[in-house]
Amino acid sequence: MSVRSTARYGFGVPVLGVALLVPLVLFTNSYNRGLLVLIVIYAIGGLSLDYIMGEMGQFSFGHAAFWGFGAYVSAKLALDLGISPWIGFLAAPVAAGLVGLLIGYIALRRTRGLELAIVTLGFGVLAWTVALRWRSVTGGPSGLRQVPPPSLFGWEIRSELAYYYLALLLLLGVVFILSRMRESRFGRAVRSIHENEDLAKSIGVSATKYYVFAFSFACALVGFSGALYAHHFRFVNPNLLGLQYMFIFLIVVLVGGTGTLWGPVLGATIFVLVSEWLRALQEYRFLIFGVVLLLVVLFMPRGVYPTLRKMSRRMRERSETAGEPALRAENRGPGGEQRG
Amino acid sequence: MAILRTEGLTKLFGGLSAVNGLDLLVEEGEIMGLIGPNGSGKTTALNLITGFIKPTRGKVTYEGGDVTGAQPHDLAGLGLVRTFQITTLFENLTVRDNILHGIHLHNPSSLMGALTRSRKYRDQQTMMGERVEELLAMVGLEPRIGAMARDLSAGEHRYLEIAIALAARPRMLLLDEPATGLNPEEAGFLMNLIRTLRDDGVTVLLVEHNMRLITNICTRITVLNFGAKIAEGTPEEIVDNEDVVTAYLGKRRGA
Amino acid sequence: MNWDIVGQQLWNGLLSGSIYVIFASGLSLVFGVMRVINMAHGELTMLGAMLLYTFTKLVGLGYFVGGALVVVVMGLTGFLVNRVTVRPFLGQSELVVILSTVALSFMLLNGSLVVWGSSPKGVDAPFNEIVKVGGVFITTAGLLLVGVCFAAVLGLYLMLTRTKLGKKTRATGQNLLGARLIGINTTAIYDTTLLIASGLAALGGVMIVLVSSASPNLGQPLLITGFAVVIVAGMGNVAGAVAVGLFFGVTEALFGQFISTYYRQGYLYVVMIVVLLLRPQGLFGRK
């Protein structure tokens, strides 16, 4: 592993250790382990929203609709056709990605920024309405129950612990793919449009094409997260497509920090744990969430993860004189960059 | 042979014509200057040629093919690359990354290669790294390879912008007022750079305010006023042209 | 076809259309002037309705006095909204401002649920006679609603086109930097824009309770309909929002009556998507 990747994954390594051990030591009952599964699922959802926000510099208010759609696709396949959830885990992102391709094509040809946010909001609400009304397919407001869990060698993964490790493995895969994609031709093209669309066009990047595919990719990823949700919590309903989850993903991304791979993972952890601690407060919980959210945006506009990283870097700089390469392109100083 | 030709190129904004019936002809391998007072339609003409705005009327031919209304990225793919009047870089990236992004069209790597970091992919990356150094050496920015683009000086900004454009391997380069904000020394370096490019076979269309730069390096000059062509010829002819003196130089003297 | 039913639905559509008009014009104003998507706009209308309930039922004020007080209080709230959730974030990305208004909407909605509970609350209209015009039943309270909504929007239009403040406001919306350069106090313009938009939103809430009940949950669906109106009209185009709001109200009612009550809400989004496909900048928007 090069110096750079150690730096990039630097936070990840100890965190991974904690992630592997925590259900064995701390989160020992099945309810608490369920929370861990939720963290991982939200983290994947948050990562996909952050692909739109951090990599593309855009925003989709319809992101939860793709999450719910992915959940429904996989659940329907399993319930109606008896198709294995493993296939569902593949089919859900494919289906969500294809719908994302269509909607991305409609929306991204002309709209960007705020307009795109509102346009995707429209699509999201339309999808939610359809899910609510098309009873014969979606089960109406109460949704579908008895979604089967995946099984491995004839053994159903019902235990939270096993599902958590499965989801964690998939999360690591997602983070790995996302980090490698950044340096790919595709990733660079997307980033160049984000940085400066006119310049990107002038050097031959087809802005619409790349943005449509990037959007579709993010939709596929969130659809995947939705399928993971469906087969663990074993139900789907139209609320999964609604604004509530949209806000959750948004909180996950912004609390964690956009444009940072591990930010949404941290954001999901904070969100799930804090909302669990606030559970005792019942209806006051969401009120407090609003306040917390506002305070986070106010005092840590770039999110918790970048703030923590900055603090740790400052501490490291104090303790040693030899500078370590900074973590993000943005913070890299002159000369600190050469690598093979 | 003409590499670029516009015929009757017209752009109306509301009722006003920003560019009016422009006939422009650029020969392969020359450095053509496009000058005119502020608001005479130079930048609009450049935007029309490079597909950033669509013409109301008229035709653009590049290397013998009709490219009227084509998309900027498609034109870049054909080797028609531009720079911008206000320096346009990927401000939040390093100099190195700026060029790497500029290589897009000539980046051979596949997504699968990037995911697996295959040997082939790594070789491609090494080659791209060499290309970056080569391009930076050309514009004299090698020592700044690790700097953030936004930390560069005005002159370095311009050089980097040109290097990004060169990364796309243009056959024709359209430069929009590249000397703006440069001191005489930097402008001199820029002139030499443009000549080198021409010698390497790149045709250059230079939109410029700086008369010294234009008359020094251009083979031919076209003068615009109020969106229309008022003169065309060698630098000597242009400097002596009455209309040009009134429209452009005269105005300057009065200002 | 039963023309009485058509007439009745036209009337019903006019009622909901008037609400859409007053709601969407405020939403559009904020976007047009400040380039801010106010995700809390629906909650401001909701607060208007809930405060009216409080003022009339619990404090004992009359409908008109209570309504006027609501508009004043909510106008001042709009000023606060600007200072707390919009202004501190304006230098940053547009998304951060969206997020802060999302946070505000979260707070307002859940705070209201804590204060008032989720059950709908009725408010007594000042008068509520039913008049039969042809075969159509019209309520006097409904007439008041339509009249007030259109008067308010007309007032907004006149303010924007005829007054100095309006001209400054439009200048700010067209070019913030330019407006500052010619000496417009854009901070004050932003304050008044949110003050007006918030007052309009609350007035919408005061009107809603004439034909329906007040509930903390009325804001969200309204916000979403409001966005459909604003997109179809063209973002930031207040006059367009009026035409589209009215059109949506009427056609939605007819759609619900003759085609499907079930997909009534979906209808608006299908229209929206068709418009986006054919004319992404909206019907009245410029490219």
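Hi everyone, let's start with one residue: B:Phe52 touches B:Asn47 and B:Pro72, leaving aside residues up to four places away in sequence. Touching, or being in contact, means that the C-beta atoms of two residues, placed from the backbone, lie within 7 Å.

Before going on, a word on the source: this is a predicted model, where local features need pLDDT of at least 70, side-chain atom pairs count only at pLDDT 80 or more, and totals for chains, interfaces and linings use all residues. Residues are numbered from 1 along each chain as its sequence is written, while chains are lettered from A and ligands numbered from 1 in the order in which they are written.

Back to B:Phe52. Where is B:Phe52 found? Look in the loop between α1 (42–49) and β4 (57–62) of chain B. Helices (H or I, at least four residues) and strands (E, at least two) are DSSP runs, numbered from the N terminus. B:Phe52 counts as partly exposed because it has 18 C-beta neighbours inside 10 Å. For that label, buried is 20 or more other C-beta atoms within 10 Å of the residue's own, exposed is 12 or fewer, and partly exposed is in between, with C-beta atoms placed from the backbone. B:Gln71 is 19 residues from B:Phe52 in sequence, and their C-alpha atoms are 7.2 Å apart in space.

Now the sheet. In chain B, four strands make an open sheet, ordered β2-β1-β4-β5, with antiparallel pairing. Two strands pair if DSSP finds at least two bridges between them. At the edges stand β2 (16–27) and β5 (65–66) of chain B, each with a single partner strand, so one side of each has no neighbour in the sheet.

Let's follow β1 of chain B, residues 2–13. Eight bridges join β1(B) to β2(B), and the two run antiparallel. Along the way, B:Thr6 stands opposite B:Leu24 in β2(B), and B:Lys11 has B:Val19 in β2(B) as its bridge partner. The two strands form a hairpin with two residues between them, and B:Gly14 in the turn has a positive phi of about 65 degrees.

Stepping back, chain B has ten helices and ten strands. Its radius of gyration is 19 Å, close to the 18 Å that the globule rule gives for 255 residues, so chain B is as compact as a globular protein of that length. That radius is taken over C-alpha atoms, and the rule is 2.2 Å times the number of residues to the power 0.38. Of the 255 residues of chain B, 47% count as buried.

How do the chains meet? Two pairs of chains are in contact, and chains A and C share the most contacts. Chains B and C have no contact joining them; their closest C-alpha atoms lie 12 Å apart. In the contact of A and C, chain C gives 36 residues and chain A gives 34 residues. On the chain C side, α4(C) brings the largest share, 15 residues.

Finally, confidence. The predictor's confidence in each residue, pLDDT, goes from 0 to 100. Chain A averages 85, and 90% of its residues score at least 70. Over residues 1–7 of chain A, however, pLDDT is below 50. Residues 322–340 of chain A also stay under 50.
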